[in-house]
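Hi,

Here is the structure I promised to pass on to you. Please open it beside this email and follow along as you read.

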Amino acid sequence: MDRKRKRITMAGLLITIGIVYGDIGTSPLYVMKSILEGNGGLATASRELIVGSISLILWTVTLLTTVKYVMIALNATNHGEGGIFALYALVRKRAKWLVIPALVGGAALLADGTLTPAVTVTTSIEGLKKMKFGANIPVPNQSVVIAITIVILLLLFSIQRMGTSIIGKAFGPIMFVWFTFLGLTGIANMSHDWSILEALNPVWAIRILFSPANKVGIFILGSIFLATTGAEALYSDVGHVGKGNIRGSWPYVFICLALNYLGQGVWILQNTNYRGSGAEINPFFTSMPASLRMFAVILATVAAIIASQALITGSFTLVSEASGLKFLPRMNINYPTTEQGQIYIPSVNKMLCVATIAIVFFFQTSEHMEAAYGLSITVTMLMTTLLLFEYLGKKKRPFILRLCFLLIFGFIETMFLISSLTKFLHGGYVTVLIAGFIGVIMFIWYFGNKVRDQHEETNAYVRLDEYTDMLTDLSHDDDYPTYATNLVYMAKVKYNKFIKREILYSILDKRPKRARAYWFVTVNVTNEPFTAKYAVNTYGTKNVINVQLYLGFRKQTSVNVYLRQIVHDLIADGTIEAQPQEYTTSPGREVGDFSFVIVNDVVSPLTKLQGYEKWIVQARVWLQNLSSNPATWFGLEYADTVVERVPLILGKTKRPHIKRVAPKDYSNLKKED
């Protein structure tokens, strides 16, 4: 499957253009607009400012997107998946502290993903504002813009369940038209002044940072950075399309983007006296001929929707990887296609939808959103640079080359971060708060697990085969009522024999649960889509069964359905005892009832952890019980499922002791009158 992903095909290139480049591909909608707004508007634009700014844009995209991500980062994939968490998984054994940049960068990227759909769709719809269609103006004000934006976003999030392959096939041709349109309109505008090609000289980029023509100085980088915000999403989406298809399609995408920026620059320099019709001036739309403007708005709107798609699919991948690394609780993941990298996470889709729509209501205009846009993604890029430095070390690259990589990209991204910090009070705090919220959850889950593992009793795991006699005796003990014919625990059995003590505590200690057969089922998800196999170990008994299920990532994990077949198989070959049912609507039925038990931890008062450790373990258990839904994971929504709470005891405990005394003798007390 990995070889298939790496193969470059025309269909693969088209799907890649549809899935990966939406974010970076819509940057021309607002980058030049943001630069002009920061420098006093169209009327004050000088040649030095425009040529220098475009030079900064082109070289920023070249260094950060092309060199860092397309040429270097795409080599750092984990089983075909990319993104900051996949990168961390490759280097985490090199140093414990690397978990910090992974947590910080991942939280910031997920937070920025809530802003991208809002700003891109809003910007494109604003192109319709006050535009006349005959005698009518269908989008007269910002309130209508917001209403249309929200409808589009709701539709976008509702189609995610279809999967990125179907979406990519639909969006690919549209995005190809979009990039071709960007390139052609750019060339058309450039034809009026080819001297704009001076912007290819990096000297202009350096000079504008210190020129009086640039009224905001180094802080212009905050606007320049908007041109490359999609680079991290490009890396995160590599699992959906493969790095070969990204590298094969990127040159065309980059050329079209560069031509459009150059074309906008020519239009700005030749139209500094342009005043428009009262709507805000956006060089992208106003540089279009009047006959093409309506088409440009429609195409930009569709491209903005696709830009949002790139961040949404990237968020699904990041969350899936975070769960695997124990940064986040386990979530229900759907696989709409036969490719493992293409996933859909319903809970994440809902949260992104709510957050994105809330941001639209909060900021109201794209200008306000742009003020907040990009702040958190600079943090992610800086964290990725640190992890890539370690990755290059793992690959035995010379230290001097690694150090040059760290210093060059670390310096560039630090400058972008400093310039972006000016956005904090203008809305950047919103994405910082979202990133902080996500970061706290990941911190609690990851370090809560660490503290738990560190303090968990050495006898937290016991050998299942040492309890088979006791379980067999209980199974045949008529002094206890039958709890279920088949008692099933979804419990990971390590090395085919070790199981958590709390599972046996549930069966034997709380109230002995008598059953004809005790099942301990482990679900192993394979890298193939349709695997359906199982292995059993009965430890020489007929009623204690360890089942290892091997299920492909696309197979619905309906454990009760598979288990019923397994029981039939084992009864047929005499591995376990038959389970004839006297009372049944199905004559000849030989498989009894099933009861599935799910064990939830509750921190015991006997736990002796103090301060920070006690707080983080309690928070971790609370998150687990809040977010976990094992019945959904295993397809047990309609099965007989019981949730049990068992005490979690951590640290060295000293059992409380109470002293026995003689009862008081009241016989000599005189009776009061």
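Below is what I found in it, going from the whole chain to single residues.

First, the ground rules: this is a predicted model, in which local features need pLDDT of at least 70 and side-chain atom pairs count only at pLDDT 80 or more, while totals for chains, interfaces and linings use all residues. Residues are numbered from 1 along each chain as its sequence is written, and side-chain values use heavy atoms, with hydrogens and water left out.

The whole chain

The protein chain has 27 helices and eight strands; these are DSSP runs numbered from the N terminus, with helices being H or I of at least four residues and strands E of at least two. Of its 673 residues, 55% count as buried. Buried means under 20% relative accessible area, exposed over 50%, and partly exposed in between, using a 1.4 Å probe and protein chains only. Among contacts (heavy atoms within 4.5 Å) between residues at least 6 apart in sequence, 82% join residues at least 24 apart.

Two helix pairs

Start with α5 (residues 47-72) and α15 (243-270). Their axes are 10 Å apart and the packing angle is about 170°. Axes are lines fitted to C-alpha atoms, for helices over the stretch in contact, and angles run from 0 to 180 degrees between N-to-C directions. The two helices are therefore roughly antiparallel; angles over 145 degrees get that name, while those under 35 count as roughly parallel, 65 to 115 as roughly perpendicular and the rest as oblique. Among the residues that make this contact are Ile 50, Ile 54 and Val 61 of α5, and Trp 250, Phe 254 and Tyr 261 of α15. The contact divides into 14 nonpolar, four polar and two charged residues. Here Ala, Val, Leu, Ile, Met, Phe, Trp, Tyr, Cys and Pro count as nonpolar, Asp, Glu, Lys and Arg as charged, and the others, Gly among them, as polar.

Now find α9 (residues 142-158) and α18 (residues 346-363), whose axes come within 10 Å and cross at roughly 170°. This pair, α9 and α18, is therefore roughly antiparallel too. Residues including Ile 146, Leu 153 and Phe 157 in α9 meet residues including Leu 352, Cys 353 and Phe 361 in α18. Ten nonpolar, three polar and no charged residues take part in the contact of α9 with α18.

A helix to check by hand

The buried residues of α21 include Arg 402, Phe 405, Phe 409 and Glu 413. These buried residues pack against α5, α12 (221-224) and α20.

Three loop residues

Asn 282 sits in the loop between α15 and α16 (283-286). Asn 282 counts as buried because its relative accessibility is 7%. A polar atom of its side chain lies 2.9 Å from the backbone oxygen of Leu 29. Beyond its neighbours within four places in sequence, Asn 282 is in contact with Leu 29, Lys 33 and Thr 123.

Most residues other than glycine have a negative phi. Lys 396, however, has a phi near 65°, and Tyr 539 has one near 55°. Lys 396 lies in the loop between α20 (375-394) and α21 (399-420) and is exposed, at 71% relative accessible area. Tyr 539 lies in the loop between β5 (532-537) and β6 (544-552) and is buried, at 18%.

Enjoy exploring!

Key
A polar contact is a pair of N or O atoms within 3.5 Å; within protein, one must be able to donate a hydrogen and the other to accept it, and residues adjacent in sequence count only if both atoms are side-chain atoms.
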